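Open your viewer and get ready to click along with me. At each stop I will tell you what to select and what you will find there.

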Amino acid sequence: MGYFVAFVVAVVVILVTNIWRLCWILLWRPYVLTKTFEKQGIKGPPYKFIYGSIKDMKKLGVAASDIVLDTNSNDIIQKVTPYYHKWSSEYGETMLYWYGTEARITITDPELIKQVLSNKFGFYVRPWVRPTIKTLMGQKGLIFVEGHNWVRQRRLLNPAFSIDKLKTMTKKMAECTIAMLEGWKKAYKNKKCMKIEMSQEFIKLTSDIIAHTAFGSSYVQGKEAFNAQKELQQHCVAANLDVFVHGSQYLPTPSNIRIWKLDSLLKRTLKGIIEKRLRSKDSTKTYGDDLLATMIEYSEIADETKFNTPKLRVDEILENCKAFFFAGHETTSGLLTWTVFLLSLHQEWQERLRKEVLKECLMEIPDADMLAKLKLMNMVLLETMRLYGPAIDLIRTPLEDTKLGNLMIPKGTSIQIPIIRIHRNKKYWGDDADEFNPFRFANGVSKAAKHPNAFLGFGMGPRVCIGQNFAMLEAKTVLTLILQRLSLSLSPEYKHTPVNHITLHPHNGLPIIVEPLSL
């Protein structure tokens, strides 16, 4: 009887504890945080039970989906983040809203942003993200790990992105691009002009480039992996504004079963590429000079003892492969797409770049030294990232209660940095903040705006994008080869409907009229 009573008491204690925990999460904490921020002058849309602000975000998103912007307008906030567009006008740029039960406060002051992103002690971490997103981009890889584990992985992967390593990749980038251009030529034969849907073409191209340069594979060999990731990405987008129930990722629902199959296919494809590389170790006892080679050399499976640093585990290699397969084509394809969009609109800049390309590269295949001389192109790419960067925001969470400027931010409150707004803030970028003006980057990134930290194209601080030099080199290579051969103009069919699908996309594609040049 005594054991039974103890058991009942234990069950009651567990139930009461969990009920109290649920009440705290769902009711009392939102109330306390709302009052805490109101005392500091910070307001926002009211918290609603369980859903927070999600239902309102959905409604605003549905309404925004019908908006077609003026093609010449770069003010895309109302379309891409309609909730921020509405609420910031009502409550101010620093506001509080609720992503379910997660409190989010937005900040746009570059000084405060620098304090958050440049913290070297791991005080501000990435917040919890949905399991599907971790499945897509590798939960044990560089994107999501924190603390000493992140420091270890970053140190091991940095050599793969050194300038010397990147220079050797330019030839392969050019070969992939020329193959694409030859495909266009064959498809349209001797026509004077042709219409090409650029966004899909650039996705295929950048997929091929990352496969060749980083993994010694090809788009064809890695096609299953890319297709699996694209479908996983669709699952992420579809669920982004649904309330997540912890543990639901383990239920055998049709959606989860499909996600499990896609992840299995993705891992199987990547594992095959890794095993092929292991078998191809050459006479110099190296695995090559690309990203995959670096990961293998610094791994447990290499069976080497020449490295004193802690090695990468097999699962970490697989997860980082996911991250670099995804980021390596998704972000650069977007950069190329939006750059071509802007150059097609601003013909004077297209001609400026073409003249620069022909002066520095002639009609030759560009190498890294030639590309380094393309100052105007560098300015155009930076301006494109300012207006149409792949990431529309960054989110961090303090591990403890923290003082940020004049704000007291309780532990667990997410800090949202709306890049899309900061890059258009006239306070930092001037009255022409919504206009395409690459000359603002003539003296470098730090002097482009009235504040040196107002540009966040690649992030900032210790976790600045590891692949930024790779992306810029790739974009310059592709654009150089296109501008040497083709004239670009926007098709009348184009509809200006940018949308956030983890990265920024033209929802209806980018149809471009391409005309061969006779130089």
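Start by selecting Cys465: the UniProt record, an unreviewed entry, annotates this residue as "binding site". Keep in mind as you look around that this is a predicted model. To find your bearings, show helix H18 (426-429) and helix H19 (468-485), because Cys465 sits in the loop between them. Is Cys465 buried, partly exposed or exposed? Its relative accessibility is 33%, so Cys465 counts as partly exposed, since that class lies between 20% and 50%.

Next stop, the strands. Five of them form an open sheet, in the order E1-E2-E8-E5-E3, with mixed pairing. Colour strand E1 (96-99) and strand E3 (124-125) to see the edges, where each strand pairs on one side only. Then zoom in on strand E5 (residues 394-398) and strand E8 (residues 414-417), which run antiparallel and are joined by three bridges. Which residue of E8 is the bridge partner of Arg396? Select Ile415 and you have found that partner.

Select Trp24, Leu27, Trp28, Tyr31, Phe49, Ile50, Tyr51 and Val243, which make a nonpolar patch of about 760 Å². Pick out Tyr51 from this group: it lies in the loop between helix H1 (2-38) and helix H2 (54-64). With a relative accessibility of 35%, Tyr51 counts as partly exposed.

Notes:
Residues numbered from 1 in each chain as written. Predicted model: local features only at pLDDT ≥ 70, side-chain atom pairs only at ≥ 80, totals over all residues. Heavy atoms only, no water. Patch = residues over 30% accessible without salt bridge, like charges linked within 9 Å, V, L, I, M, F, W, Y side chains within 5 Å. Areas by Shrake-Rupley, 256 points an atom, 1.4 Å probe, with all protein chains shown as cover. Salt bridge = Lys/Arg side-chain N within 4 Å of Asp/Glu carboxyl O. Helix = DSSP H or I, 4+ residues; strand = E, 2+ residues; numbered from the N terminus. Buried < 20%, exposed > 50% of the residue type's maximum accessible area, 1.4 Å probe, protein only. UniProt positions renumbered as here; feature names shortened; annotations may be inferred. Pairing = 2+ DSSP bridges.
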